[in-house]
Amino acid sequence: MKKRLAILLCGILCFTIGIGCLLASHIQQPKEYEVLNAAADNGSEIKIKLYKSSSNELAVLFLPANLDDSNALVGGLIQSDMNVAVVETPVGTHKFYSDTSLETVDLALETVLSKLKMSPVLIGYDGGATVLLEYMRQGGSQSKGIVLISPDIENENITGATISGGEYRTKPDRWLDSITAETVKQPTMLMTSTIDDTATPLEMTILYNKLSEAKIFQVGGGYNAEKNGVQISIITKAYHRMMLHSPQTLDEINGFLTDTLSIPIKNFPPQNLQFLQAGRILLAVGLGVIMIAVTLIAEHRSKNITISLEY
């Protein structure tokens, strides 16, 4: 019985340390920010949070309006001393994005740049990345670089692509066919994960091929590629909702900012993110050990009860 209790205590200890690591990996958002509001022609209002710093660099992030901005990417960029603007992007259908994206991005940039006269890096996630993709497709170029993280493409012709003549083939599609190398006006990075079910590796690979004129195939696993000013990074083991918290995501963005755009960024990714992976592992191990210990204790007590009844 003592061995079983010792196993249970070890599990509880691992679980507790895991929680501690996760808490240590949390990035505190600064409390001071300026709220900017801009009214679009269609009557909708765009809300922007502007975190100012002493830096001459600016990152403008386009995130879905239903997503809180307290994530590792936003917090990490702020802690690195960049100026950061977070744009709450309206959530809608693909047609909605096609009709409103150019106005949304131009209006957001006009509002932010009226406060800070800097050339921004644009970073979008989920619907925000879809907005930036549409912005690029419609000729937008007001930035020094663009990062598209897991855009919600919603295109059946991509998922139904076939391989022919050494490249992916898709059915004729007005929207998809309009995405070409000419769409790229600035260094661009595409990102998703091997287990992302919103922007699958296949979808992002086909998008990368169209933007860069490459002819590569997605055959499983993560990979990196670059051609004609376009980069793609397929990271591993990050679900769609965890993309902005993944250390891999932050590492890839750090490389794009420092190596491709030559932006002097410091303390990014934040060092305390190293506790994130350790915390997840310890939580899983601790929970598993606790379940095993509870099962063993239950079996032991069951045997004792059976013996007592026989007597």
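The following dialogue explains how to read selected features of this predicted model.

Me: Which conventions apply to the residue numbers and to the confidence of the model?
Reply: Residues are numbered from 1 along each chain as its sequence is written, and side-chain values use heavy atoms, with hydrogens and water left out. The model is predicted: local features need pLDDT of at least 70, side-chain atom pairs count only at pLDDT 80 or more, and totals for chains, interfaces and linings use all residues.

Me: What is the strand order of the open sheet?
Reply: Strands of a sheet pair through backbone hydrogen bonds, either parallel or antiparallel. Strands (E, at least two residues) and helices (H or I, at least four residues) are DSSP runs numbered from the N terminus, and two strands pair if DSSP finds at least two bridges between them. Here an open sheet of nine strands has the order 1-2-4-3-5-6-9-11-10, with mixed pairing. Its edge strands, each pairing on one side only, are strand 1 (34–39) and strand 10 (223–227). From one strand to the next, the twist averages 15°.

Me: In which sense do strand 2 and strand 4 run?
Reply: Strand 2 (residues 45–51) and strand 4 (residues 83–89) run antiparallel and are joined by four bridges. The bridge partner of L50 in strand 4 is A85.

Me: How many bridges join strand 6 to strand 9?
Reply: Strand 6 (residues 145–149) runs parallel to strand 9, with four bridges between them; V147 has M189 as its bridge partner in strand 9. Strand 9 also pairs with strand 11 (residues 230–235) in the parallel sense, over six bridges, and there the bridge partner of M189 is Q231.

Me: Are the two faces of strand 9 buried or exposed?
Reply: In a regular strand the side chains alternate between the two faces of the sheet. Buried means under 20% relative accessible area, exposed over 50%, and partly exposed in between (1.4 Å probe, protein chains only). In strand 9 (residues 188–193), six of six residues are buried. One side carries T188, L190 and T192, and the other M189, M191 and S193.

Me: Which strands does helix 8 lie across?
Reply: Contact means heavy atoms within 4.5 Å. Axes are lines fitted to C-alpha atoms, for helices over the stretch in contact, and angles run from 0 to 180 degrees between N-to-C directions. Helix 8 lies across strand 5, strand 6, strand 9, strand 10 and strand 11, at about 170° to strand 9.

Me: What does T249 touch?
Reply: T249 lies in helix 8 (residues 247–260) and counts as buried because its relative accessibility is 0%. Not counting residues up to four places away in sequence, T249 touches I149, M191, I235 and M243. A polar atom of the T249 side chain lies 2.7 Å from the backbone oxygen of M243.

Me: Which residues touch the most other members of the largest nonpolar core?
Reply: In soluble globular proteins, nonpolar side chains tend to be buried together. A nonpolar core is a set of buried Ala, Val, Leu, Ile, Met, Phe, Trp, Tyr and Cys residues joined through side-chain atoms within 4.5 Å. In the largest core, of 44 residues, V60 and L122 touch the most other members. A second, separate core of 31 residues includes V74, I78, Y125 and M191.

Conventions: A polar contact is a pair of N or O atoms within 3.5 Å; within protein, one must be able to donate a hydrogen and the other to accept it, and residues adjacent in sequence count only if both atoms are side-chain atoms.
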